[in-house]
Amino acid sequence: MEKDSKIYIAGHRGLVGSAIARSLNALGYTNLILRTSRELDLKRQAEVEAFFARERPEYVFMAAARVGGILANNTYPADFIYDNIAIQTNLIHASYINGVKKLLFLGSSCIYPRHCPQPMKEEYLLTGPLEPTNEPYAVAKIAGIKMCQSYNRQYGTNFMSVMPTNLYGPNDNFDLETSHVLPALIRKFHLAKLTLEKDRECLARDEAQYGSIPGDIKAALGIACPSRLTPRVTVWGTGGPRREFLHVDDLADACIFIMRHVNATAAAASNSDIINIGCGQDLAIKELAELTREVVGFEGELVFDTTKPDGTPQKLLDVSKLKGLGWEPKIGLRDGIRRTYEWYRQSGKDTGSS
Ligand code: GDP
């Protein structure tokens with residue numbers, strides 16, 4: 001990949017795509033092709049074909065996808081399977097037709113079986129039943145990986161797949177009903193602090209910026225009942241499930257590293273055309289909640305809402321393949337949460353909240 005290569009980042013406004021664009025810009029790549037979903041609907045095959053024929057990108061980062069937390073996946077399974085299969089099918093096929101030199105497909109650690117031995121190695125793919133709360137999403141992502149491998153085998157393309165662990169960072173979704181756990185916790189602790197400070201103006205601005213606060217969370221925080229002295233922060237499930245978290249800037253760095261240094265044909269020969277990306281360490285959701293509480297600086301109570309699902313008991317990636325290639329993450333979890341909280345507050349400020 002040269003500094004003036006034509007590089008298309010699908011999904012450049014999302015958590016992952018925006019981090020890849022930031023990193024490529026910082027490294028001096030000057031020829032990025034970016035389209036918003038309004039300019040190019042990736043679910044429309046004809047639009048994607050016309051775009052590729054016109055722009056002829058040389059490298060493609062596939063960061064466009066419908067993503068969401070456990071509740072969103074469980075509530076909108078049709079959207080998760082349809083959108084992802086449509087987007088990836090259109091992008092992978094158009095990349096083949098138009099001679100893209102290399103493509104990076106982003107899978108997810110939730111593609112591995114629910115009761116996978118931990119840490120999860122790449123070869124455990126398709127060795128057991130999936131976690132039901134995100135099965136439609138996982139099936140779509142597995143189809144994408146299999147498409148990349150099949151095109152490589154039949155047409156000699158250079159399409160790599162990477163499996164990121166749970167990600168977080170700037171431009172994440174902070175909507176409390178559809179987000180993943182870490183942005184939800186950051187926001188809930190921040191809201192709890194504002195409630196304690198009786199800062200109604202900031203609470204209203206936060207809601208306008210990041211989406212409405214569900215009634216049950218308002219009640220626990222005491223927003224509906226301002227006389228309560230200690231707001232409570234609700235954590236979904238038992239707090240027992242274990243997850244691994246990677247800052248999205250580290251993910252972007254790993255994706256660019258793989259785009260530059262790994263080729264699918266050579267990798268397939270050693271069974272390495274799928275690569276896990278993580279930090280190799282996990283923690284319980286309860287520990288994550290305690291850590292986030294400390295970083296945000298809230299001293300109130302935590303409550304566990306066991307009417308909400310736990311999801312898969314543990315998700316920890318085996319990252320020895322990536323380590324063996326010479327890549328390691330740089331951002332520790334506490335520092336990453338601190339930076340993300342800073343971004344969250346700053347981003348609010350840009351549009352009026354403090
Ligand atoms: P998952 O990794 O696909 O299960 O996705 P999530 O990030 O949505 O959830 C991870 C874990 O965090 C699950 O056990 C959730 O029940 C738990 N969790 C605790 N509080 C929250 C919350 O406020 N939002 C979300 N999304 N998950 C939460």
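1. The domain bounds used in this note come from an automatic or database domain assignment. With those bounds, the shell around the ligand draws at least three residues from each of domain 1 (7-169 + 244-277) and domain 2 (181-241 + 282-313 + 332-347). The model is a predicted one, and the remarks that follow should be read with that in mind.

2. On the domains themselves, the assignment gives domain 1 as 7-169 + 244-277 and domain 2 as 181-241 + 282-313 + 332-347, and their centres, taken over C-alpha atoms, are separated by 30 Å. To the contact between them, domain 1 contributes 13 residues and domain 2 contributes 19 residues. The two domains bury about 1200 Å² between them, and 74% of that area is on carbon and sulfur atoms. Within domain 1, the residues Ile70, Tyr168 and Phe245 supply 47% of the area buried against domain 2, which is more than any other three residues supply.

3. Turning to the ligand, there are 17 residues around it, of which Ile70, Lys188, Arg243, Pro309 and Asp310 come nearest. By class, the shell around the ligand divides into eight nonpolar, five polar and four charged residues.

4. In terms of secondary structure, α6 (181-196) and β7 (232-236) each supply at least two residues of the shell around the ligand, and α6 gives the most, with three residues.

5. A polar side-chain atom of Lys188 lies 2.8 Å from an oxygen atom of the ligand, whereas Trp236 places a backbone N or O atom 2.9 Å from a nitrogen atom of the ligand. For Asp310, a backbone N or O atom lies 2.6 Å from an oxygen atom of the ligand. Of the 530 Å² of accessible area that the ligand has on its own, the protein covers 97%.

6. The peptide bond from Gln118 to Pro119 is cis, with omega near -10 degrees, and Pro119 lies in the loop between β4 (102-106) and α5 (135-155). Arg56, in the loop between α2 (45-55) and β3 (59-62), has a phi near 45 degrees, a positive value in a residue other than glycine. As background, most residues other than glycine have a negative phi, and most peptide bonds are trans.

How values were computed:
Residues numbered from 1 in each chain as written. Predicted model: local features only at pLDDT ≥ 70, side-chain atom pairs only at ≥ 80, totals over all residues. Heavy atoms only, no water. Near = heavy atom within 4 Å. Polar contact = N/O pair within 3.5 Å; in protein donor to acceptor, adjacent residues only side chain to side chain. Areas by Shrake-Rupley, 256 points an atom, 1.4 Å probe, with all protein chains shown as cover. Helix = DSSP H or I, 4+ residues; strand = E, 2+ residues; numbered from the N terminus. Nonpolar A, V, L, I, M, F, W, Y, C, P; charged D, E, K, R; others polar. Contact = heavy atoms within 4.5 Å. Buried area = accessible area lost by both parts, 1.4 Å probe.
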